[in-house]
Amino acid sequence: MKFFNTAGPVNMDDHYKIDPLTRFDLDDILMLIAQKKYFILHAPRQTGKTSSLLALRDYLNEKGEYYAVYMNIEAGQAGRNDVEFVVNTAISELSRRVKDPQLSQDIYNVSTLPNSGEGLSRALSLFAESSQKPVVLMIDEIDALIGDSLVSILRQIRSGYDSRPESFPQSIILCGVRDIQDYRIHRPDKEVITGGSAFNIKAKSLRIGNFSRPEVEELLLQHTAETGQKFGDGVFDYVFEQTDGQPWLVNAMAYEATWEIRANRDRCVVITADMMEEARNNLVISRATHLDQLAFRLKEDRVRRIILPMINNEESIAADEDDRQYCLDLGLLKKTPHGLEISNPIYREIIPRELTTSRQEHFLSYFTPDWIRPDGSLDSDLLVRMFVTFWRENSNIWATDIAGYEEAAPHLVFQAFLQRVANGNGTVYREYGLNRGRTDLMLKWGKPHSPTEQR
């Protein structure tokens, strides 16, 4: 039985998937490898980076021209600025990934040598010299490292560059969320080093993008082919519109609609756009790990400097280009002809929800739902008047409860208020960005196609 994947790399046998090798320009990568280049592959969290690297490794090994090895260096994060610990962790991971038992042991033994903090370059030399084919090395989660440890790893890789391919890997691919040149590495002695200076041999930086609209349809139709369950009119467009093709969101919405909503496990049920909307709302409320990580980023100063002006409808952002690029690399923002925008409607809803979480729960205890007419329709004029009265009486208390975003408190609290009004019987849609002079809000009230549905 196959299913939509929401955790970890794609398993070709278990998951519906878009071919990972189509997520980037394969010809471009093969040319860079043939030219003995070291380069970067980066993309936001949970967009398919690891799946693409593993697929590339298998593809290269099947062709037989190179010995391709994938390694994940994330475990070194625990060592922070302990260079020797991080380097030894990298050597151990490399040893574990090499198939030849004797070579694996020889590589591992490097970590026991004196001055093993410099041992990664020795291990890579030993690896390349012992291999019968040119080595292609893929290092995943490189940006999990910080400070001196990251500097040491980058410089040890750089130190063997002139010895490739006989005594060092022919090509090395570094993979993470950000482009190395955008790193600002803060060392314990307060010196700031850019990733570009520590790794100035980088030939190119490639980015994995989101699914296209046809790829979203292709992915969902794999479920139909596997189970016979069909998707109704408008579903593919709705999923793409709400996610902008972000791979985790696409899979998570589809999994919610086809599995977590138990009534839909009957494969005779046609998944409609309304069902997919229910799945989307469930996903937002669930605070799944992916969305929780996004919310955590809102506390960072460099993210706040970008998001606050957008919520506050300011005409420009005072933050520097590095902060902008950081938010783009995280997948939080995207560039459009109208300027920077939040990447998709789901993220646009998550942001005000998370910034007002502690206050949302108190709305319905303060108000009685007098804005609901006897026929179930919404008295929007009364609703707004009640909110204005509430804000006048409580603004000082509420504004101080939104740490770092106090200037946007009126916008955020009103959005939180509407969210509580919806309370499972409606949906709030948001559109905000720079140079627009406003935040557009729409409360859709009532069940779809019901007599009392309002917008």
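This is a predicted model: local features need pLDDT of at least 70, side-chain atom pairs count only at pLDDT 80 or more; totals for chains, interfaces and linings use all residues.
Visitor: Why is arginine 96 called exposed?

Guide: Exposed means over 50% relative accessible area. Arginine 96 has 57% relative accessibility, so the residue counts as exposed.

Visitor: What makes glutamate 93 count as buried or exposed?

Guide: The cut-off for buried is under 20%. Glutamate 93 has 10% relative accessibility and therefore counts as buried.

Visitor: What makes the contact between arginine 213 and aspartate 237 a salt bridge?

Guide: The N to O distance is 2.7 Å, and the limit is 4 Å, so the pair qualifies. This pair links distant parts of the chain, 24 residues apart: arginine 213 is in helix H8 (residues 213-227) and aspartate 237 is in helix H9 (residues 235-243).

Visitor: How are glutamate 300 and arginine 297 classified, and what joins their side chains?

Guide: Glutamate 300 has 19% relative accessibility and so counts as buried, the cut-off being under 20%. Arginine 297 has 24% and therefore counts as partly exposed. Their side chains meet in a salt bridge, at 2.8 Å from N to O.

Visitor: How many salt bridges does the structure hold, and which residues are linked in a network?

Guide: The structure holds 17 salt bridges. A network of them links Arg178, Arg302, Arg305, Asp322, Asp323 and Asp329.

Visitor: What makes a group of residues a nonpolar core, and what is the largest one here?

Guide: Its members must be buried nonpolar residues joined through side-chain atoms within 4.5 Å. The largest such core has 53 residues, and those with the most contacts inside it are Leu220, Met276, Ile307 and Leu333. Helix H10 (residues 247-260) gives the most to this core, with 7 residues. A second, separate core has 32 residues, including Val69, Ala90, Phe127 and Val135.

Visitor: Which residues does leucine 220 contact, leaving aside its neighbours within four places in sequence?

Guide: With those neighbours set aside, leucine 220 touches Phe4, Phe231, Val235, Phe236, Val239, Val250, Ala254 and Met276.

Visitor: How do you know that strand S1 pairs with strand S4?

Guide: Pairing requires at least two bridges between two strands. Strand S1 (residues 38-42) is joined to strand S4 (residues 171-176) by 4 bridges, and the two run parallel; therefore they count as paired. One of the residues involved is leucine 41, whose bridge partner in S4 is cysteine 175.

Visitor: Why are strand S2 and strand S7 called edge strands?

Guide: The open sheet has 5 strands in the order S2-S3-S4-S1-S7, with parallel pairing. Strand S2 (67-72) and strand S7 (202-207) each pair on one side only. Helix H2 (residues 49-63) lies across S1, S2, S3 and S4, at about 160° to S2.

How values were computed. Residues are numbered from 1 along each chain as its sequence is written. Side-chain values use heavy atoms; hydrogens and water are left out. Buried means under 20% relative accessible area, exposed over 50%, partly exposed in between (1.4 Å probe, protein chains only). Contact means heavy atoms within 4.5 Å. Axes are lines fitted to C-alpha atoms, for helices over the stretch in contact, and angles run from 0 to 180 degrees between N-to-C directions.
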